[in-house]
Amino acid sequence: MSGFSGRRVVRVLVAAAGGAVVAGVVVGGAARLLMSLIAVAAAEESTFTFVGSLGIVLVFAVLAVPAALTAAAPAAVRVAGRWVTAALTGFGMATNGFADGAAVLLAPDGRMTYIAAAVVGFGAVAVAHGQVAQVVARRLTGPVARPSGQVAAAAPEPA
């Protein structure tokens with residue numbers, strides 16, 4: 001038997017959903033802040049709405065699902081899940097960023113350093129997205145049950 005009971009599967013799925021939601025809120029909020037900073041640095045008016053911010057959080061929660069679902073998997077699968085999430089998030093950020101490219105190119109020269117720093121921040125956010133989802137999902141999953149027949153190595157007793 002694989003060691004996965006029905007209760008464990010439900011617990012992993014609920015933890016994955018929680019990890020995706022938390023990653024969506026944290027990373028989506030950070031991305032929304034970076035979007036606002038780029039708009040301000042490009043001498044644009046920052047006109048973000050609550051509904052738009054909620055939409056960003058929702059999109060980031062959905063993009064975190066591959067990483068969150070692989071949080072309880074073996075190490076190689078977890079790494080793949082993180083990179084799938086990073087690739088999806090990075091692609092979404094890049095395509096969205098090209099839509100605002102004209103504002104960035106027309107920004108005053110003195111503000112390009114700030115814009116470049118925010119763009120690097122977007123890269124860090126994209127890479128951290130999957131990690132955040134997996135850390136939260138693993139914490140919510142709880143301890144991994146050992147298959148029957150395996151005993152944890154006991155610590156030596158003091159003499």
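This is a predicted model: local features need pLDDT of at least 70, side-chain atom pairs count only at pLDDT 80 or more; totals for chains, interfaces and linings use all residues.

Q: Which elements give two or more residues to the nonpolar patch?
A: Those are helix H1, residues 6–41, and helix H3, residues 65–69.

Q: Take leucine 69, then. Where does it lie, and what is its relative accessible area?
A: Leucine 69 lies in helix H3. Its relative accessible area is 45%, so leucine 69 counts as partly exposed.

Q: New topic: how many residues does helix H2 have?
A: Helix H2 has 14 residues, numbers 50–63. From the first C-alpha to the last, H2 reaches 20 Å, close to the 20 Å expected at 1.5 Å a residue.

Q: Which residues of H2 are buried?
A: In H2, the buried residues are Ile56, Phe60, Ala61 and Leu63. They are on the same side of H2, because they cover an arc of only 165 degrees around the axis.

Q: Why would residues a few places apart point the same way?
A: An α-helix has 3.6 residues a turn, so residues three or four places apart point the same way.

Q: And which exposed residues are on the face of H2 turned away from its buried side?
A: That face carries Phe50, Val51, Leu58 and Val62, which are exposed.

Q: Back to H1. What span should it have at 1.5 Å a residue?
A: With 36 residues, H1 should span 52 Å, and its end C-alpha atoms are 51 Å apart, which agrees. After H1 comes alanine 43, which has a positive phi, near 60 degrees.

Q: How about alanine 39, buried or exposed?
A: Alanine 39, which sits in helix H1, is buried, as its relative accessible area is 14%.

Q: What does alanine 39 touch?
A: Not counting residues up to four places away in sequence, alanine 39 touches Glu44 and Ser46.

Q: One last stop: serine 36. Which residues is it in contact with?
A: Serine 36 is in contact with Ser46 and Phe48, leaving aside its neighbours within four places in sequence. Serine 36 also has its place in helix H1. With a relative accessible area of 19%, serine 36 is buried, since the cut-off for buried is under 20%.

Key. Residues are numbered from 1 along each chain as its sequence is written. Side-chain values use heavy atoms; hydrogens and water are left out. Helices (H or I, at least four residues) and strands (E, at least two) are DSSP runs, numbered from the N terminus. Buried means under 20% relative accessible area, exposed over 50%, partly exposed in between (1.4 Å probe, protein chains only). The expected span of a helix is 1.5 Å times one less than its number of residues. The arc is that of the directions from the helix axis to the C-beta atoms. Contact means heavy atoms within 4.5 Å.
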